[in-house]
Amino acid sequence: MENTTPRTDPRVLRTRELLRNALIELLEEMDVQKISVNRIAERAKINRVTFYLHYRDIPDMLEKLADDMVEDINQVVHSNYKRKSETGIQEDWPVLESLLKHIAENAKFYKVVFTSRRSTIFTDRLFSLMAEMISARVNGKEISVGQSNVTIQKDIAVWYGSAALIGTIVAWLRNDMPYTPAYLARQITSLRAQ
């Protein structure tokens, strides 16, 4: 059968990468409100009109970059869940380790978008994604605390789990990733098992 998936022109991918890198560099230097299309185009060494071939404006660019981030993270996590189910491995740390490796490999991007208070769109999207994943895990499970008969509401468990994971990742990035993804993944998994 013929593969009908359209391929994106490599020039388009290269231009988007230049624009993305220019935005990240500018976010390191200033608030998102002070960034203009002209500054992005100038930093990317492209024509301003070229920017508009890819994005309507800066908020549209941020939205699309956040969508790409969520898609990348989903691919990393789901490919590892698939591998986990094929191999029969029961531990979650390999999935988390793959996510942390992905973040480490793209550290400049993630450090800027997660550790700066200049734009919350990326953190908000990651929180939603983590909440979905955690919610899928706790669906149908009654969550109880230790030996006590206290039952925790599912939505509270999801909020807590998402915030704790994202907070740990942000702190890890802010501290220049002092631990390997494997070590951090095992530590987080051990904490969740307590």
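A helix here is a DSSP run of type H or I with at least four residues, and helices are numbered from the N terminus. That numbering is used throughout this report.

## Overall layout

This is a predicted model. The chain has 9 helices and 2 strands. Read along the sequence, these elements follow the pattern α-α-α-α-α-α-α-β-β-α-α.

The chain holds 194 residues, and 39% of them are buried. Its accessible surface comes to about 12400 Å². Carbon and sulfur atoms account for 50% of that surface. Take the contacts with a separation of 6 or more: 62% of them join residues 24 or more positions apart.

## Salt bridges within helices

A search of the whole structure finds 10 salt bridges. One of them joins Asp60 and Lys64, whose closest N and O atoms are 3.3 Å apart. Both residues belong to helix H4 (residues 58–87). They are 4 residues apart, so about one helical turn separates them. Asp60 is buried, with a relative accessible area of 7%. Lys64 is partly exposed, at 35% relative accessibility.

Glu97 lies in helix H5 (residues 93–105). Its salt-bridge partner is Lys101, and the closest N and O atoms are 3.3 Å apart. What separates Lys101 and Glu97 in helix H5? The gap is about one helical turn, because the two are 4 residues apart. Glu97 counts as buried at 13% relative accessibility, because buried means under 20%. Lys101 is partly exposed, with a relative accessible area of 40%. Beyond its neighbours within four places in sequence, Glu97 is in contact with Pro181, Ala182 and Ala185.

## A bridge near the start of the numbering

Arg11 and Asp9 also meet in a salt bridge through their side chains, at 2.6 Å from N to O. Arg11 is exposed, with a relative accessible area of 62%. Asp9 is partly exposed, at 28%.

## Aromatic pairs

The structure contains 6 aromatic pairs. In one, the ring centres of Phe51 and Tyr55 are 5.6 Å apart. Their planes stand at 50 degrees, so this pair is tilted. Phe51 is buried, with a relative accessible area of 0%. Tyr55 is buried as well, at 5% relative accessibility.

Phe109 and Phe122 make another pair, with centres 5.7 Å apart. Here the planes stand at 90 degrees, so the pair is edge-to-face. Which helices does this pair link? Phe109 is in helix H6 (residues 107–115), and Phe122 is in helix H7 (residues 121–138). The two residues are 13 residues apart in the chain. Both Phe109 and Phe122 are buried.

Ring pairs extend this into a cluster of Phe109, Tyr110, Phe114 and Phe122.

## A nonpolar surface patch

Which residues form a nonpolar patch on the surface? They are Phe127, Ile156 and Trp159. Together they have about 300 Å² of accessible area.

Ile156 lies in helix H8 (residues 154–174). Is Ile156 buried or partly exposed? Ile156 is partly exposed, with a relative accessible area of 43%.

Note on methods: Residues numbered from 1 in each chain as written. Predicted model: local features only at pLDDT ≥ 70, side-chain atom pairs only at ≥ 80, totals over all residues. Heavy atoms only, no water. Patch = residues over 30% accessible without salt bridge, like charges linked within 9 Å, V, L, I, M, F, W, Y side chains within 5 Å. Areas by Shrake-Rupley, 256 points an atom, 1.4 Å probe, with all protein chains shown as cover. Salt bridge = Lys/Arg side-chain N within 4 Å of Asp/Glu carboxyl O. Buried < 20%, exposed > 50% of the residue type's maximum accessible area, 1.4 Å probe, protein only. Phe/Tyr/Trp six-rings, centres within 6.5 Å; stacked < 30°, edge-to-face > 60°. Contact = heavy atoms within 4.5 Å.
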